[in-house]
2 protein chains.
Amino acid sequence: MSAITSPRGFVASGVPAGLKKSGKLDLSLIATEDGTAVPAAAVFTANKLAAAPVQVSRAHLAAASGRVAAVITNSANANAATGAAGYGDAEQMATLTAEHLGCAPEEVLVCSTGLIGIPMPMDKITAGIPAVVVARDAMGGNDAAEAIMTTDSVRKEVVHQGSTFRIGAIAKGAGMLQPNMATMLAFVTTDAELTPSELHPMLRTAVDGSFNRLTIDGAQSTNDTVIALASGRAGPADPSEFQEALNAVCYDLALQMADDAEGSTRTVIIRVQGATDDLQALHAARAVANNQLAKCSWYGKNAYWGRVASEVGACGIDFDPDGFSISYGDIVTASSGVAVAYDEVKMGEYFENRRIRITVDLGLGGGAGEIITTDLGHGYVDENMGKS
Amino acid sequence: MSAITSPRGFVASGVPAGLKKSGKLDLSLIATEDGTAVPAAAVFTANKLAAAPVQVSRAHLAAASGRVAAVITNSANANAATGAAGYGDAEQMATLTAEHLGCAPEEVLVCSTGLIGIPMPMDKITAGIPAVVVARDAMGGNDAAEAIMTTDSVRKEVVHQGSTFRIGAIAKGAGMLQPNMATMLAFVTTDAELTPSELHPMLRTAVDGSFNRLTIDGAQSTNDTVIALASGRAGPADPSEFQEALNAVCYDLALQMADDAEGSTRTVIIRVQGATDDLQALHAARAVANNQLAKCSWYGKNAYWGRVASEVGACGIDFDPDGFSISYGDIVTASSGVAVAYDEVKMGEYFENRRIRITVDLGLGGGAGEIITTDLGHGYVDENMGKS
């Protein structure tokens, strides 16, 4: 599978430029087959410490009226908190890529992921860009997906075959996942025919229902970026079919990211229902998902529902202490605000799954919302205690 | 030292009632020497899943017009999410204590701390209350302080000698510390003469500047309670001297709690200054304090300031990505938004301290605020992964 080049009109590649000490692939290119710019849309981090590549990509997308010929991405360095020099480095990455592809610099978007506050090793980048441009081809999607990985243990790829169009997508992101997004990058290609102004709201909707429903540790990265490119080779697509497909592709990637979140042992899907409204439900689900004590209890395979209930009571939404119920999978642990005896053997078996579902019913109204998260254990600490 | 009975007019005690499997002290009493009610004030958790003892204490304080004769506290069971039966149990604790002390039930406040969702073992409580009442004396403060401990490794006690008055205080609370407070209990006695309506705003001010500046993991407990009792034996106190003393006593207890937070290896004081205003500074300091990635880096003795900067940029306050600086103790790690080379040996030495200070200067205005927190490491995970 070469997911990102599965839709017609795209090529991709990944090369080792020497940024990763391991020697693994670390420079990634996605480009149109013929080097022409096609309609595109992007969603960027809301972090005010937006990395230089985010600033450059925002400016380029505006300057080129939402048309993009290529996306150049490096891993192992975020080019964030690097000042004016970092901005210049990101610009240079776009300019060099454009030179070798034969397009305008504004038609190239730039992404970086890795550590913050470290100057970009531009000697390695400038040597790597010609190589990654030369290497591009219709089967290069796997390499492109691998080259954007940081602490990811597996590539994240997905292909959707629609009635008239295809969508291909790749992503990276294993820690720091949180709305608005994460240290996550996701790239989506399609051969559906869409204008930039059609594509942007569709991408925003898909991101809101997927990456923005995923939180690993409540942190929000300086570099989060989702980019979609539409070659138009398949002609117009049914808008509602395309939106549904895009939603499904992004949700699939979000689940893949949770399943591979660094140091995690389980993916936990928190559903709050019976809330006054959807916003309250989503707020409560996110509060539980970010609750350190609850996260530790999931690591311990422990259905300590009191921590879930306490967080829901504390998070500021409408709450009836005598009206809530909490279930782990199908196993009810609390009802009408008090404990329900349950089969501990069955609960132990349930916790052997990678994916756990916790449902909190507030018994108040029709509001519902879900958040995807992970547990918090020794592996997470080990991954994050010090690698700078 | 018997801190809580250091001011004139108070007695205290602690006994083992069998709630802790270890056989340690688990039932605690603070009472007036003669059993009469004295002016009091309290601050309770804002969690909507407020435990039964919190509900009972709120009602009693109102019914007795802010006058209290005793506080009865058990550890090892929170009596939270226990429904109508739990409320009845908390009422019974007050009634029994009142009977043995010879005061009205409304003059007794009730506190509980421990696991959520488990019915109170009332047979043990009813046997323990007569014993803890009989045991009360002017030297019983240490036992009272020990009997409220849960995962605390040491008693938290403080005494302040003012020009005309004394303040004594004890506290427990090692996990789940967060505004508005924590799974924390703090009891303050004074012999200053104050009415309930004088004491309440002073206690609120002291709590805002201390316990509400302390967050261990962002969770907010169902049982948090701070209670102050004023015997009046020392006559009127200078109001500003008393307020300052009360602030200092509460801040001292907050630091003691952080230093003993379960599974932590260091106390971290986050100061944000140069903010647009104090509220923004405090919001940013709290966001950094609750950032799991930053907490893991402190555990790893790692001055990874990029995580601190990223969180400040993400938390929604006014932020200039080219204007901030970050220091660990006196060691500057970033200035004008970019990295500053620092002595790694000195940084390593600095991280050997139990208490670390991180200062973020935003370079925007005069707003400043501090939050006390701890790191996140294996010990925290071990303490919280499963004990229900």
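Which residues are buried in H8(B)? In H8(B), the buried residues are B:Gln292, B:Leu293, B:Ala294, B:Lys295, B:Cys296, B:Ser297, B:Trp298 and B:Tyr299. A residue counts as buried if 20 or more other C-beta atoms, placed from the backbone, lie within 10 Å of its own. Helices (H or I, at least four residues) and strands (E, at least two) are DSSP runs, numbered from the N terminus.

This is a predicted model, in which local features need pLDDT of at least 70 and side-chain atom pairs count only at pLDDT 80 or more, while totals for chains, interfaces and linings use all residues. Residues are numbered from 1 along each chain as its sequence is written, and chains are lettered from A and ligands numbered from 1 in the order in which they are written.

**Chain A overall**

- Chain A contains 11 helices and 16 strands.
- Along the principal axes, the C-alpha atoms of chain A fill a box of roughly 65 × 50 × 35 Å.
- Of the 388 residues in chain A, 62% are buried.
- Among contacts in chain A with a separation of 6 or more, 80% come from residues 24 or more positions apart. Two residues are in contact if their C-beta atoms, placed from the backbone, lie within 7 Å.

**Domains of chain A**

- The domain assignment of chain A gives domain 1 (3-259) and domain 2 (267-384); such bounds come from an automatic or database domain assignment.
- The C-alpha centres of domain 1 and domain 2 of chain A are 33 Å apart.
- Their contact takes 11 residues from domain 1 of chain A and 12 residues from domain 2 of chain A.

- The contact takes 49 residues from chain A and 49 residues from chain B.
- On the side of chain A that touches chain B, helix H8 (292-299), helix H9 (305-314), strand S14 (338-339) and helix H11 (378-384) of chain A each supply at least two residues. H9(A) gives the most to this side, with seven residues.
- The same surface serves both copies, since 100% of the contact residues of chain A recur in chain B.

- Helix H8 (residues 292-299) of chain B is largely enclosed by the rest of the structure, because eight of its eight residues are buried.
- The cover over the buried residues of H8(B) includes H8 and H11 of chain A, together with strand S11 (267-275), helix H7 (278-289), helix H9 (305-314) and strand S15 (355-361) of chain B.
- B:Lys301 follows H8(B) and has a positive phi, near 55°.

**A sheet in chain B**

- An open sheet of six strands in chain B has mixed pairing and the order S14-S13-S12-S15-S11-S16. Two strands pair if DSSP finds at least two bridges between them.
- Strand S14 (338-339) and strand S16 (367-374) of chain B are the edge strands, each pairing on one side only.
- Strand S12 (residues 325-328) of chain B pairs with S15(B) in the antiparallel sense over four bridges. In S15(B), B:Thr359 is the bridge partner of B:Ser327.

Technical notes: Buried ≥ 20, exposed ≤ 12 C-beta atoms within 10 Å, placed from the backbone.
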